[in-house]
Amino acid sequence: MKIKTYRALTIAEALANIKKELGPEAFILGQKEIPPKRRFGVLGKTTFEVTAGVDFTQAGVSIAPATETGESPDLVSLTYTPPAKSTGPKVVSRVTEQNTVLDEIRELRRFVETAAAQSQPRNVIVQASRRFSSASAREVFADLLNCGFNPGFAGSCLDDASLPQKSSANAGTENLKDRVLGNLIARIQTDPGILPTSSVGHPQIIALVGPTGVGKTTTVAKLAARAALEFRLKVALITNDTYRIAAAEQLRTYAEIIGIPLQVVNGTQEMTDAIRSFADRDVILMDTAGRSHRELAHQKQWSRYFSKAVDVKKALVLSATTKEDDLESAISKFQSFDPNWIIFTKLDDTEVHGPMISALVRSGKPLAYVTVGQDVPQDIAQPAADQIARLALGRGDRRIWEQFLTGCRSAEILSESEEREEEVQVGR
């Protein structure tokens, strides 16, 4: 086995070099994007690193030493020798097994080449050693990787979905895809009850926490507008974001437009006082300072405050554009706030929603809302598990995105219509 790592300005260029040097039987072990480095004040270019391998022991392929013509010592010339004929049962079995493995490797290599042609390169680690029960399973696994699910999560979904098919004759690709969809739906938790739809006699207090730049302030404004304008509740806003003057001013502008009060606080005692001053409100929404999840040492007092404040519910706000590893890290670091829900923002800024779903399922937290644009209050929705699962499995399909938006908003319109009808009946 020969394994070599290639770097190039594009994945296509790296794959061309692999094919040229290692031949068509080479298979991809992994790929990743290398961020540009700044040298002498000038930012370099993004490069891509692809690791490939080829097994020269298969089918009589032997390695000949490189010639002395100035070629790189990493290059090898290949000599093909027809395999010796053998009628022994062990040899036939071994050749068959080798051919099966090579077929799987070729299929995975074709998938990575297809993925490399996409407009947005992704970090995809292909487990060439994974064995598949059928060609359908191999195809569905490749589709899951293409949707941004990591190999471990994709394999788990596929294994669970394949169990009922072991004794079933109907094990086609579409049937398996439907089972994977059902398995994914079963894994996703949702909670539509984050906002009260009517007054309950005391304020529902909700704090939005999360890393910087994920859109907490705009999300607070959307929730406030929905509570005040659609549910006709008395709403108040509190923010402790004194790090960014623009953030407090932005929220103040939203508060004035909606017609609700806002208080800016500098510490935990002022936060407690503000909550008490809004005791007559139905909903109190808090916008917290967005610091990097790697800087939580500066926010220990707030994590202690929110984790001990039993009357305050917390929603961890994350961006759907964040890489899965960073999502996992943020969820882990913000666990000290003891969040009750997760809200994902910026779904409209990416076509790859698999990492978002993987992180959500691993967190064990229910999904409360997703945001799909900047408009207040329209671009926020409470998707059902089947809607968000179909979106995650339909990477880049504009029709699925439109169906997702239509489905979420249709459910909201229906809910509002039912509420108005109940009000009319009560009035009668």
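Author: Let us begin with a term: a residue is buried if its relative accessible area is under 20%, exposed if over 50%, and partly exposed in between, using a 1.4 Å probe and protein chains only. Helices (H or I, at least four residues) and strands (E, at least two) are DSSP runs numbered from the N terminus. This is a predicted model, in which local features need pLDDT of at least 70, side-chain atom pairs count only at pLDDT 80 or more, and totals for chains, interfaces and linings use all residues. Residues are numbered from 1 along each chain as its sequence is written, and side-chain values use heavy atoms, with hydrogens and water left out.

Reader: Which residues of α11 are buried?

Author: They are Gly-354, Pro-355, Met-356, Ile-357, Ser-358, Ala-359, Leu-360 and Ser-363. Helix α11 spans residues 354–363 and is mostly covered, with eight of its 10 residues buried.

Reader: What do the buried residues of α11 pack against?

Author: Their partners are the helices α4 (151–162), α5 (173–187), α10 (324–333) and α12 (385–393), together with the strands β13 (341–345) and β14 (367–371). Contact here means heavy atoms within 4.5 Å. Just after α11 comes Gly-364, which has a positive phi of about 75°.

Reader: Turning to the sheets, what is the order of the strands in the open sheet of three?

Author: The order is β1-β5-β2, and the pairing is antiparallel. Strands β1 (2–8) and β2 (27–34) are at the edges with a single partner strand each, so one side of each has no neighbour in the sheet. Two strands pair if DSSP finds at least two bridges between them.

Reader: How many bridges join β1 to β5?

Author: Seven bridges join β1 to β5 (residues 47–54). One of the residues involved is Tyr-6, whose bridge partner in β5 is Val-50.

Reader: And what is the strand order in the open sheet of eight?

Author: That order is β10-β9-β11-β8-β12-β13-β14-β15, with mixed pairing. Its edge strands, β10 (262–264) and β15 (380–381), each pair on one side only. Within this sheet, five bridges join β8 (residues 204–209) to β12 (residues 312–319), and these two run parallel. The bridge partner of Ile-205 in β12 is Val-312.

Reader: Where is Asn-240, and is it buried or exposed?

Author: Asn-240 lies in the loop between β9 (235–239) and α7 (245–258). At 4% relative accessibility, Asn-240 is buried. Leaving aside neighbours within four places in sequence, Asn-240 is in contact with Val-265, Met-271, Asp-287, Thr-288, Ala-289 and Trp-302.

Reader: A new topic: how many aromatic pairs are there?

Author: The count is three. Rings of Phe, Tyr and Trp (its six-membered ring) pair if their centres lie within 6.5 Å; planes under 30 degrees apart count as stacked, over 60 as edge-to-face and the rest as tilted.

Reader: Why is the pair of Trp-401 and Phe-404 stacked?

Author: Their ring centres are 5.9 Å apart and their planes are at 25°, so the pair is stacked. Trp-401 and Phe-404 are three residues apart in helix α13 (residues 398–427), separated by about one helical turn. Trp-401 is buried at 10% relative accessibility, and Phe-404 is buried at 3%.
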